Every structure is written in C-alpha cells, then in structure tokens.
Amino acid sequence: MRGSKRRTLWWVVLIGLSFGSYFMLRYQGYWAEIDSSVFITAIQGFQEAGRLSYPGAYLHGYAYVVWASALSDFTGLPVPGLVQLYLPALSTLLVALFGYAAFRRLLGGDRLGLLAVGTAFLVPEFVFTVARGNHEKIDISMILLALLALVSSARELSGSRRWGVFVAWTLTYHLAVFTLATSNTFFGSTFAAAVTLLALAMGLALRWRPAGAARHALTARRLLLMAGLSWCLVLLVMWYLYPLASSQLLTYRTMLERLASLFLSFDTQSNPYTAVRQEWASQLVYRVVSAFRWLLFLVSFGFWLLLSGRALRRLDRTPAPRLFLLGLYGAFGMLLACSIPVDFLGLAEGNNLQVRLYTYFVLLAAPLFSLSLALVLRLRVARAALARRGMRPALQAALVAFALLSLLKATVDPAISNLWTFYLPQEVRAMHFWAEQEQYAALWTGTRGRLDFAYASLYSTFRPNRNEFVAGTPGARVEMGLDSPAVRAQAFADRASLPLLLLGNRVYDNGTVQLVRRLPQRPFER
C-alpha cells in the first residue's frame, strides 16, 4: 500500500473513531433513547430464550439482535455496557470503512472517497443513526457493501472480465442484500425498490438514447435481474426464514389505505414536524444545527441535475459507476419524497419516516456533494493560485464548524435540545429501589420519558415488578415522584411547572435523587 493510500485510510479510521467516541464520551456512557432501550431488551430476551421467536422479539428482522448477542457472548460484556460504551465507536468505524471502500469505487479516487466519508459524518442524523443502539448500523453497512459489490461486478463485466472476481462480487452483493433483509425488512425492501428504479431508469435511458445500448445494455439487463433477486431475498426472509417480519406487509396495506384516504379528504392523522417546536431550544437553533443537511441536499440536487443531463447526452461515454451514482441518487430521492405524505398518516412504523430515509439518501448525496466540491475547487485552482490559498482556511474552518454542529445535534446536547438522552446513575438507582418495594404502582419520572428508556436499557424491562413509570402530567393514581437536578432542569427547559406531588413526604434520598410520596388528600389515606 502506497504512503498516500495509507494516510487516507488512517484519516478514515480517525473520522469513524472520533465521531463514535464523542457520542459515547459526551455523557460518559450514561445515555439512552427509545430504540436503544427496545433493542437492549430484545437482545437479552433472545439470549434468555435461545431462539429467534420469543415474547418481545423485534418484528422486522433478527440480524442485529443475533450480531449484538454474539458480540456480548464473545467479549463477556453485558449487553447494556456493550451498546452504550463500545458499539458507538465500533459502529462509526465500520460504517466509515465500508463507506470509504464504496465511495472511492463510485468516484474513482482515494481522496474523493475520503471527502465523501467526511461529508456523510457532517450530517447529524447520519451520526445519530449509526452510533445509537439499533439495527441501522447493520443496514447502512450492508447497503454500502452492496453498492461496492454492484459497482465492482459491473466494472469486471465491462472490463477485464475476470470471471472468478465477477462471481465473487456478485455473491457478495446478494449476501449483503440478504443480511440487510434479515436486519430490517423495511430497509431491505427500500433498497430493493431503489435498485428496481435504477434498472427501470437505465432501461428507459437506453431506449431514448440507443447510442449507449452497445456499452450498457448488458449492465441494464443484469441490473433488472439483480433487482428481481433482491426482492426474492426480501420475500424469502418475510415468508419463510422469519415469519414475524410478514407483519410488514400489513403495514404496507394500512399505509396504502390511509394514503388513499389522505388524498381524498386531506385530513391528516398526525404531523410529526411540529415536534421541532418542543424538542429544540428555538427555531433558530434548529436551523443552525441542521444547516449542513440542507446545504448537502441543495448542492447535491443541483449537481445531480447537471450531471444527469450530461450523462443522457453522452450515454455511450458515461461509465457505469457514474450512472449507478446518479440513478440511485434519483431513486432514493424519489423514495424520500414519497415518505413525506406517509408521515401524516399516524403510523407507528412511519412516524417521521422522512428523517429516517434521509440518512440513506445521504449515502448517495455525500459522494455527489464531494464530487461537486472537488470540481469547483479544481476550477478555482486553475484560475488563480491565490484564490486557492485564500479558500483553504475558510473551507477548513467551515468543515470544523459543521463537524461540531453535527456532534451537538447527534448527541442532542442540552445546550441546544430539550429532548435529552443522558441520565444520572443515581436516578436509575432510585427507580430500581422503588420498583423492588412496590407492585402495581406508578412513579412520576419527569416531564419526558428520558428515565423510562434509561431504566429499560439497564434492566431490560419497561414495567419492573408490574409497576409503571409515568412522564408528563402525573395522574391521580400516581402516588410517588422522582426529584433530581436533571428532572428540574428538564422541566425548566420545557417551560413546564413541577407537579405538586414533589411537595410531599421524602421517603428516599441517595444524596442526589429523592423519592417523594404524595401528601394524603383524605383522612384515611396513609
């Protein structure tokens, strides 16, 4: 390996480890959110049951649960510690390496591949998705591996035709798609849909521009075959290997029925985009920390339009990797646009689907953005060396600023967000003490469900000893409440008043957290 390639690879490793390590170290491992707590519970349920189908199993796939369980058994680490302390850095490193391998093959250069990896990590939703404790780190890694195999096999087919290498890459593609489907059938079908749209678009382009048929006809036919096999693998998982995942088909049916109702009546069932008003310190803060997300979309979309027009005019001279990049960008963009009306249907599985699909759209937008940036810089350099020297510090400062904003939003830092993910260990300790003493009771834990997820992450249950944790406004049946500096700070950030419940009798105190029992309201209450 040449020195320049080795340095580039070390930069990729540094990017992956830095973002993942900050995600964990920001709260010293004391972080939790809903998906992570659900999967920690599912992983430990799988370890106890010893089979894929068990009460509380994840309905849409099993690969992540099996992978995390195997890592826990191999390392001897408990599942909560593995997910909260080690997987963030490991996951971002794996995605960075897979991304570099795929992007450098798509763009045809090591430095462009590095730039594309760095660009992807400047998107906070991408960092959050990869670092948190759910299946999407497997999904994104497998999509990147499938992209690498798709481009590499097409390169072998149109180039030297080393049939052994071609078969190896083809098998790698189908193995990646199969693993993606076993991890999550929705994202497996999403990728299969994107490849199908790519194959159809390529077929239409060849009919419109017959001059390119000689070069790309075989690739287009092969793409259509691979799209069909991708759907077969997804359905194989749904119907035979993991029948629990067949519930995804019912979700699609419900989605289509509600979409028809939406377009006929324009009566929305929910609007998840209003959550921005309550979850961030202000609209201005949200716009600032989300600035690169919009910059990436606008620049990549404009450059996609430019390159797509050029590729159609010169179809016979456009290489297959460039067509794959442009076609998949358009396919994921179309799926992203289709997800917006789905967000208004009130589906549990489709809440804010646009934000989740944007993470996968980034996998194609980042290389396009990097390519456009490289071409602009090349033009500037050709015009004046002085302009290059003046632009470099400004560009470096902008990249550092966007990286910091990405980390702030990805960790939902209390300085900018009201939707906190951190917790104090003393809070969970107090909750566990209460849960061991009570049964069929309710404990108020704050204005948001922050501590519910923390407890489930550490003890693998949301209802310990058949008790219940209540967030928001405590009802009449809630007799006890948890008081801590973080609970009070959360209420202040939410501009919510603390319940009168906390003015009751203090029955537990560990130095930081107190448990308070409601004052008697009637003569015979204790």
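Where is the place of R317? R317 sits in the loop between α14 (291-313) and α15 (320-342); helices here are DSSP runs (H or I) of at least four residues and strands (E) of at least two, numbered from the N terminus.

This is a predicted model, in which local features need pLDDT of at least 70 and side-chain atom pairs count only at pLDDT 80 or more, while totals for chains, interfaces and linings use all residues. Residues are numbered from 1 along each chain as its sequence is written, and side-chain values use heavy atoms, leaving out hydrogens and water.

R317 counts as exposed because its relative accessibility is 60%, and exposed means over 50% relative accessible area (1.4 Å probe, protein chains only), whereas buried means under 20%. Together with R209, R310, R313 and R314, R317 forms a positive surface patch. Such patches take residues with over 30% relative accessible area and no salt bridge, joining like charges within 9 Å.

Now for a look at the whole chain:

| Item | Value |
|---|---|
| Helices and strands in the protein chain | 20 helices and five strands |
| Buried residues in the protein chain | 50% of the 526 residues |
| Accessible surface of the protein chain | about 24700 Å², 64% of it from carbon and sulfur atoms |

D139 is another charged residue to look at, and its place is in helix α7 (residues 136-158). D139 is buried yet has no salt bridge, meaning a side-chain nitrogen of Lys or Arg within 4 Å of a carboxyl oxygen of Asp or Glu. The nearest side chain of opposite charge, R356, is 6.5 Å away. Beyond its neighbours within four places in sequence, D139 is in contact (heavy atoms within 4.5 Å) with L180, S183, N184, F187 and Y360.

Terms used. Patch = residues over 30% accessible without salt bridge, like charges linked within 9 Å, V, L, I, M, F, W, Y side chains within 5 Å. Areas by Shrake-Rupley, 256 points an atom, 1.4 Å probe, with all protein chains shown as cover. Lys, Arg positive; Asp, Glu negative; His and termini not counted. Charge placed at Lys NZ, Arg CZ, Asp CG, Glu CD.
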